[in-house]
Amino acid sequence: MPLLFQHLTSTKQLSRADTEEILRVAADMEKIRTKGKSDLLKGKVLASLFYEPSTRTRLSFETAMLRLGGDVLTAEGIQFSSLYKGETIEDTMEMVGQYADIIAMRHPEQGSADKAAAASKVPFINAGDGPGQHPTQALLDLYTINSELGKVDGLNIAMVGDLRYGRTVHSLSYLLGLYKNICFTLISPKELTMPEKVTSFLDEKKIPYELHDDISAGLDCDIMYMTRVQQERFADKSEYERLKLKYVLTASQLKGKKIKIMHPLPRVGEISTDVDSLPNAVYFHQAGNGVPVRMALLAMLLKKA
Ligand code: CP
């Protein structure tokens with residue numbers, strides 16, 4: 001079943017059928033990744049525009065394109081692009097669309113992805129727009145949940161940390177809203193609670209959620225999705241310093257627990273390294289799942305899957 005949209009800016013645009021098709025194609029792509037390479041996207045070029053720092057998203061998009069036989073153009077940092085000279089996102093899309101067949105862009109402003117998609121003549125993928133959305137991360141999160149637990153329906157999911165500025169939890173909440181009998185435990189300091197746009201979505205869909213500020217409230221869930229406090233979104237750095245290590249998950253808290261621990265990464269202290277060797281820890285494998293999921297999206301948006 002082909003995707004009926006040209007651009008991916010938000011998980012709110014995905015149906016459950018779209019999501020399951022992307023996960024199915026991603027499972028096929030995992031076989032290609034294991035073999036090494038394919039020629040599926042030979043002759044196609046990805047423009048990888050990262051105007052905000054990234055390790056996982058950028059490198060996994062780029063290796064995804066290379067493993068499918070395509071080529072990659074990279075632009076990194078606003079200061080090295082003509083956006084710095086005042087060029088608009090719309091003009092940038094017009095130009096990049098003449099050099100590449102598909103664009104992945106990360107940008108610090110919420111809403112920049114919608115502007116870019118509206119102006120782009122080639123398929124456009126939001127690789128993170130400020131505190132807005134990160135839809136490809138949510139898809140790889142869902143792929144990870146499904147591969148770790150064999151299902152998504154009926155799960156209890158705890159989200160912990162910076163739920164206000166953490167775009168990954170916004171995108172993932174909308175995506176999990178497509179599944180049945182999901183229940184959320186949202187754990188954050190009061191300054192960093194889930195934005196109203198997300199809680200009103202959960203209310204509309206009648207998805208139950210509880211708000212807590214103590215991490216122990218989530219330790220009996222199926223999944224605990226930890227997040228980093230997003231230093232780059234704070235105007236007041238002392239406020240960041242005060243909140244940054246409110247939650248630190250350690251191995252001793254997980255004794256006898258089956259819960260799977262996820263994190264979009266990078267972590268900056270909120271998961272102790274003594275958790276890494278426990279069977280609960282799935283965050284590094286989760287990051288690896290970005291490759292087959294992004295291979296699937298590139299192939300599907302280029303109508304080659
Ligand atoms: N998860 C994530 O978006 O990581 P990067 O910032 O390294 O791309």
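Second largest pocket. I looked up the lining of the second largest pocket in this predicted model and found nine nonpolar residues, five polar and one charged, counting Ala, Val, Leu, Ile, Met, Phe, Trp, Tyr, Cys and Pro as nonpolar, Asp, Glu, Lys and Arg as charged, and the others, Gly among them, as polar. A pocket here is an open set of points on a 1 Å grid over the protein atoms alone, with protein on both sides within 12 Å along at least five of seven lines, whereas a cavity is a set of points where a 1.4 Å probe fits but cannot get out; lining residues have an atom within 4 Å of a point. The space in this second largest pocket comes to about 190 Å³, a volume being the space filled by probe spheres set on grid points that are joined across faces, edges and corners. Leu49, Tyr51, Ala75, Val96 and Tyr99 are the closest to its centre among the 15 lining residues.

Conventions. I number residues from 1 along each chain as its sequence is written. Local features need pLDDT of at least 70 and side-chain atom pairs pLDDT 80 or more, while totals for chains, interfaces and linings use all residues, and side-chain values use heavy atoms, with hydrogens and water left out.

Largest pocket. I noted about 360 Å³ of space in the largest pocket, whose 21 lining residues include Arg106, Arg167, Arg228, Leu265 and Pro266 nearest the centre. Its lining has four nonpolar, 10 polar and seven charged residues. The largest pocket lies between domain 1 (11-134 + 290-301) and domain 2 (135-287), because both give residues to its lining; the domain bounds come from an automatic or database domain assignment.

Ligand. I listed Ser54, Thr55, Arg56, Thr57, Arg106, His134, Gln137, Pro264 and Leu265 around the ligand, each with a heavy atom within 4 Å of it. A side-chain N or O atom of Ser54 is 2.6 Å from a ligand oxygen atom; for Arg106, a polar side-chain atom lies 2.9 Å from an oxygen atom of the ligand, and for His134 the corresponding value is 2.9 Å. The protein buries 92% of the 260 Å² that the ligand exposes when taken alone, with accessible areas from the Shrake-Rupley method and a 1.4 Å probe.

Second largest cavity. I then turned to the second largest cavity, which holds about 40 Å³ of space and is lined by Arg56, Ser60, Gln137, Leu140, Pro264, Ala287 and Arg294. Domain 1 and domain 2 each supply at least three residues of this lining.

Methods
A polar contact is a pair of N or O atoms within 3.5 Å; within protein, one must be able to donate a hydrogen and the other to accept it, and residues adjacent in sequence count only if both atoms are side-chain atoms.
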